[in-house]
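Please keep the sequence and the model in view while reading.

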Amino acid sequence: MNGEPNDQPNDQPTSEPVQGRLRRQRQRLFPGDPTTVGTDPDYRFTLANERTFLAWIRTSLALAAGGLGALTVLNDFRGEEVLGISLLVLSFLTAATAYRRWSLNEKAMRLDEPLPSSRLPLAMAVGVSIVALVAAIVFVIDAA
């Protein structure tokens, strides 16, 4: 150490950078109101973005109905808990990310930027495929 004030060890971060990181993380996961930035885009694009958001919400509701149905109707079926809970988890993830996707798309349109990429369609495709595969395996095992 040469006696300068900045020679402190860096293994203890100050509270300000931690708060800044937490704020950025929260903003990344839960974007704020996109209407506070930029200019209003063509209303048709905003309405199309809203329709897409509502489609994701409908998908989430259908997954929740399937999960609850599996848990309540398939009482004598081995593996009903795995099937029902996996559908409910997929429903939660879809609903939880739908607003974030809508908000980021709306913000990009208002700032005249390219639309951000989303992993939601890939996650849905993989998730539904896994649930379908698990359901098929459970049905075969239960029939045997």
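Which residues does arginine 110 touch, not counting residues up to four places away in sequence? They are Pro34, Thr35, Val37, Gly38, Thr39, Asp40 and Pro41, where contact means heavy atoms within 4.5 Å. This is a predicted model, in which local features need pLDDT of at least 70 and side-chain atom pairs count only at pLDDT 80 or more, while totals for chains, interfaces and linings use all residues. Residues are numbered from 1 along each chain as its sequence is written, and side-chain values use heavy atoms, with hydrogens and water left out.

**Confidence**

- The protein chain has an average pLDDT of 84, and 85% of the residues score at least 70; pLDDT is the predictor's confidence in each residue, from 0 to 100.
- Confidence is lowest in helix H1 (residues 15-29), with a mean of 70, and highest in H2, with 94.
- Where pLDDT is low, predicted coordinates should not be read in detail.

**Overall architecture**

- The protein chain contains four helices and zero strands; helices (H or I, at least four residues) and strands (E, at least two) are DSSP runs, numbered from the N terminus.
- The order of elements from the N terminus is α-α-α-α.
- Of the contacts between residues at least 6 apart in sequence, 72% join residues at least 24 apart.
- The accessible surface is about 10,400 Å², and carbon and sulfur atoms account for 63% of it; such areas come from the Shrake-Rupley method with a 1.4 Å probe, and for residues only the protein chains shown count as cover.
- Of the 144 residues in the chain, 23% are buried; buried means under 20% relative accessible area, exposed over 50%, and partly exposed in between (1.4 Å probe, protein chains only).

**Helices H2 and H4**

- The 31 residues of H2 should span 45 Å at 1.5 Å a residue, and the 44 Å between its end C-alpha atoms agrees with this; the expected span is 1.5 Å times one less than the number of residues.
- H4, with 24 residues, reaches 34 Å from its first C-alpha to its last, close to the expected 34 Å.
- Buried in H2 are Asn49, Trp56, Ser60, Leu63, Ala64, Gly67 and Ala70, and their cover includes H3 and H4.
- Buried in H4 are Leu120, Met124, Gly127, Val131, Ala135 and Val138, which pack against H2 and H3.

**The nonpolar core**

- The largest nonpolar core has 11 residues: Trp56, Leu63, Ala70, Leu83, Leu87, Leu90, Ala98, Leu120, Met124, Val131 and Ala135. Helices H2 (43-73), H3 (80-110) and H4 (120-143) each supply at least two residues of this core.
- A nonpolar core is a set of buried Ala, Val, Leu, Ile, Met, Phe, Trp, Tyr and Cys residues joined through side-chain atoms within 4.5 Å.
- Leucine 63 lies in helix H2 and counts as buried because its relative accessibility is 12%.
- Apart from neighbours within four places in sequence, leucine 63 is in contact with Leu87, Leu90, Ser91, Thr94 and Met124.
- Leucine 63 and threonine 94 are separated by 31 residues in sequence and by 9.0 Å in space, C-alpha to C-alpha.
- With neighbours within four places in sequence set aside, alanine 98 is in contact with Phe53, Trp56 and Ile57.

**Arginine 110**

- Arginine 110 is found in helix H3 and counts as buried because its relative accessibility is 7%.
- The side chain of arginine 110 reaches the backbone oxygen of valine 37 at 2.8 Å.

Notes
A polar contact is a pair of N or O atoms within 3.5 Å; within protein, one must be able to donate a hydrogen and the other to accept it, and residues adjacent in sequence count only if both atoms are side-chain atoms.
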